[in-house]
Amino acid sequence: MDYTTLYQRSIKSPESFWREQAQKLPWYQFPETILKQTDQNYSWFPDGKMNTCYMALDFHVEQGRGEQTALIYDSPVTQTRQSFTYRELLNEVSVFAGALQDKGVEKGDRVVIYMPMIPQAAVAMLACARIGAIHSVVFGGFAARELAVRIDDAKPKVIVTASCGIEINKVIEYKPLVDEAIELASHAVEHCIVYQREQAIAAMNSSADSDWEDLMNQSHPVACTPVAATHPLYILYTSGTTGKPKGVVRDNGGHAVALNYSLSAIYNLRPGDVFWAASDVGWVVGHSYIVYGPLIFGATTIMYEGKPVKTPDAGAFWRVIDDYNVNVIFAAPTAFRAIRKEDPEGGLLKKHTLTSLKAIFMAGERLDPATYEWTREQTRKPVIDHWWQTETGWPICANPTGIEMVETKPGSSTLPVPGYNVQVLNEHGGEVANGQQGAIAIKLPLPPGCLLTIWQDEARFVSGYLSRFQGYYCSGDGGYKDKEGYVYIMGRTDDVINVAGHRLSTGEMEEVLAAHPAVAECTVIGIADSMKGQVPLGMVLLKDNVKIDETTLENELVAMVRKEIGPVASFKQAIVVQRLPKTRSGKILRKVLRQMVSAEPLNVPSTIDDPDAIADVQQSMRNKGIIQ
Ligand code: COA
Ligand code: AMP
């Protein structure tokens with residue numbers, strides 16, 4: 001069936017469309033109800049019973065695929081290669097699930113996972129799924145305070161960590177960060193399980209600490225706990241507009257159905273194929289396409305502990321594709337910008353063969369036409385931009401290559417994926433004409449796999465996503481559709497920025513800057529960066545009579561953000577300004593500042609308090625070479 005027919009069916013008859021997809025998976029009890037309306041939203045497969053880990057591992061072994069490779073671990077930073085068959089991975093997971101149960105973890109309990117890109121991270125996630133526990137993976141580039149905030153929100157019984165992560169050639173000790181986070185948090189974590197890596201052996205401080213290997217030697221495998229399809233599988237914190245991260249809650253059933261569908265419809269994969277999402281388990285891409293999606297689908301997944309460059313060079317991606325006969329790769333555009341910068345002529349690519357590779361998918365940030373063209377010319381493979389968010393868990397717009405490879409238009413993430421009724425709305429909630437920009441919204445119901453709610457904060461879920469346009473999910477992105485329905489995502493309409501494909505909140509950075517004793521007021525905006533897409537820029541107004549050298553202040557602010565949020569924020573620049581443009585009610589005109597740094601015409605509202613502030617800020621930016 002062609003894309004248009006399938007898409008229309010998915011929108012007109014979502015229940016029969018998704019029932020058919022659900023039938024492709026092994027449920028303990030197939031759902032009688034496919035879609036149920038709740039107060040303001042919908043839930044999928046509410047009376048279905050299943051287990052995600054069973055679908056991802058046990059089922060494949062039962063079907064005779066136990067000897068197929070499930071997971072390949074490739075770590076140029078430790079010179080390690082290791083692979084696990086489905087049977088081996090199942091053995092590891094079911095024993096670690098037993099270890100968690102021995103620590104008192106029960107269905108519905110939370111487990112925080114703070115780990116580098118090692119197989120044990122996937123084992124810990126799947127083990128939680130096996131016993132119906134809810135995991136919350138925190139990206140290793142976040143500082144102790146960020147981890148503490150998540151601990152206090154998720155209230156885990158157990159934290160699973162490793163002794164260290166390795167960033168190119170730097171060994172980053174994780175255990176002291178975890179200890180500090182536990183100290184900072186008000187919630188008391190009962191147990192901390194540590195996977196010791198030889199690069200840095202962690203000190204085990206208290207009776208609450210246990211060694212991963214010891215537990216694996218002592219524990220017994222446990223069976224899967226059946227859960228309702230709507231039971232939470234995980235919480236994944238993502239940046240919102242305020243300082244407090246949002247705990248996106250994902251269900252089990254809708255998630256499994258959506259991911260399984262996406263691997264064939266979008267990525268055009270067959271069971272047994274090799275899929276490589278070059279991301280990190282700390283991000284949604286890692287959850288959906290390093291761990292759960294490929295395994296549920298019966299593919300081979302790759303966990304790569306390295307970077308696109310410097311581990312050891314810009315040929316790393318091509319080497320991995322060649323070594324493991326990767327069929328589909330998925331990475332952020334920033335990774336390809338980094339490769340292009342170091343190897344513009346593709347000399348390192350020529351040392352490898354990419355014959356297995358069918359397509360290169362990119363997401364996480366806007367795919368700029370220059371990166372698109374360079375990657376396509378160098379690899380001679382289809383390069384596919386697709387758009388999604390932590391909240392949706394799987395792509396909203398894409399070239400549905402498994403249904404039909406449609407025309408690609410540079411700058412567009414192509415067409416809405418079946419299940420997503422994507423509309424562009426004006427500020428009153430009316431649909432705008434093709435070609436006109438507006439807020440991108442998705443008409444409810446969202447398809448399976450999208451967020452259930454915000455952890456312990458249904459009100460924030462409703463106010464953040466469902467209230468702005470009645471009957472729609474508001475994505476927070478702006479853009480337009482062309483006359484053929486192709487969607488162009490132009491960027492966030494809120495104060496979220498995208499740094500090297502990582503989503504960060506400027507509000508959170510502002511809270512950190514505001515704590516500096518010399519700072520009276522501040523704001524943070526994203527400015528263009530040729531490699532990372534965007535990087536944050538802090539603008540601070542000093543308190544009266546404060547005398548401080550600007551470079552000293554900048555260094556202190558940079559250190560504070562690194563300490564409080566983490567190196568992942570890539571906060572490296574702060575400037576002192578004399579005034580900040582504000583409305584008469586005192587709201588900083590961030591949009592005008594964003595327009596200033598992107599050299600767009602300034603749209604200054606009539607409510608501006610002090611119009612001269614505009615020229616002042618422009619001068620401060622010019623002095624620092626931020627604008628011309
Ligand atoms: N643990 C600890 N520290 C981490 C970390 C982790 N898991 N991940 C990143 N960091 C640190 C880095 O070491 C760096 O620290 P530094 O300031 O001391 O150098 C900082 O956080 C910023 O990291 P990063 O954004 O990765 O920048 P980089 O300059 O080290 O590398 C790229 C640049 C382009 C190579 C890198 O950003 C990249 O590979 N991007 C792809 C992004 C991606 O996969 N996104 C997932 C969404 S699909
Ligand atoms: P995250 O939740 O971290 O996956 O970030 C989601 C945000 O990244 C989206 O809201 C967009 O702003 C941006 N994004 C992701 N994919 C794309 C894309 N293909 N094109 C443009 N922006 C994207």
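**Backbone first, then packing**

Ala500 sits in the loop that joins strand S28 (496–499) to strand S29 (502–505). Keep in mind that this is a predicted model. The phi of Ala500 is positive, near 50°, and the residue is not a glycine. Is Ala500 buried or exposed? Its relative accessibility is 16%, so Ala500 counts as buried, the cut-off being under 20%.

Gln79 also has a positive phi, about 55°, without being a glycine. Gln79 belongs to the loop between strand S4 (69–75) and strand S5 (80–85). With 72% relative accessibility, Gln79 counts as exposed. For background, most residues other than glycine have a negative phi, and most peptide bonds are trans.

The peptide bond from Thr311 to Pro312 is cis, with omega near 0°, and Pro312 is in the loop between strand S17 (300–304) and helix H11 (316–324). The bond from Leu444 to Pro445 is cis as well, omega near 0°; Pro445 is found in the loop between strand S24 (438–443) and strand S25 (453–454).

Next, helix H6, residues 144–154. Eight of the 11 residues of H6 are buried, so the helix is mostly covered. Among the buried ones are Glu146, Arg150 and Asp153, along with Leu147 and Ile151. What covers them? The elements over the buried residues of H6 include strand S6 (110–114), strand S8 (158–162), helix H7 (175–184) and helix H16 (550–564). After H6 comes Lys155, with a positive phi near 50°.

Now a helix pair. Two packed helices are described by the angle between their axes and the distance between the axes. Helix H9 (residues 253–265) packs on helix H10 (residues 284–297) at about 85°, the axes being 9 Å apart. H9 and H10 are therefore roughly perpendicular to each other. At the contact, residues including Leu259, Asn260 and Leu263 of H9 meet residues including Tyr289, Tyr292 and Phe297 of H10. The residues of this contact split into eight nonpolar, six polar and no charged.

On to the cores. The largest nonpolar core has 124 residues, and Phe96 and Trp394 touch the most other members. Which residues does Phe96 touch, leaving out those up to four places away in sequence? They are Val123, Ala124, Ala127, Val160, Ile193, Trp212 and Met216. There is a second, separate core of 61 residues, which includes Trp283, Leu504, Val519 and Leu580.

Last, the rings. The count comes to 35 aromatic pairs. One of them, Phe17 with Trp18, is edge-to-face, at 5.0 Å centre to centre and 75° between the planes. Phe17 and Trp18 are both buried. Phe330 and Trp388 form a tilted pair, 5.9 Å centre to centre with 55° between the planes. Phe330 is in strand S18 (residues 328–331) and Trp388 in the loop between strand S20 (383–385) and strand S21 (397–398), so this pair ties together parts 58 residues apart in sequence. Both Phe330 and Trp388 are buried.

How values were computed:
Residues are numbered from 1 along each chain as its sequence is written. Chains are lettered from A and ligands numbered from 1 in the order in which they are written. This is a predicted model: local features need pLDDT of at least 70, side-chain atom pairs count only at pLDDT 80 or more; totals for chains, interfaces and linings use all residues. Side-chain values use heavy atoms; hydrogens and water are left out. A nonpolar core is a set of buried Ala, Val, Leu, Ile, Met, Phe, Trp, Tyr and Cys residues joined through side-chain atoms within 4.5 Å. Buried means under 20% relative accessible area, exposed over 50%, partly exposed in between (1.4 Å probe, protein chains only). Contact means heavy atoms within 4.5 Å. Axes are lines fitted to C-alpha atoms, for helices over the stretch in contact, and angles run from 0 to 180 degrees between N-to-C directions. Helices (H or I, at least four residues) and strands (E, at least two) are DSSP runs, numbered from the N terminus. Angles under 35 degrees count as roughly parallel, over 145 as roughly antiparallel, 65 to 115 as roughly perpendicular and the rest as oblique. Ala, Val, Leu, Ile, Met, Phe, Trp, Tyr, Cys and Pro count as nonpolar, Asp, Glu, Lys and Arg as charged, and the others, Gly among them, as polar. Rings of Phe, Tyr and Trp (its six-membered ring) pair if their centres lie within 6.5 Å; planes under 30 degrees apart count as stacked, over 60 as edge-to-face and the rest as tilted.
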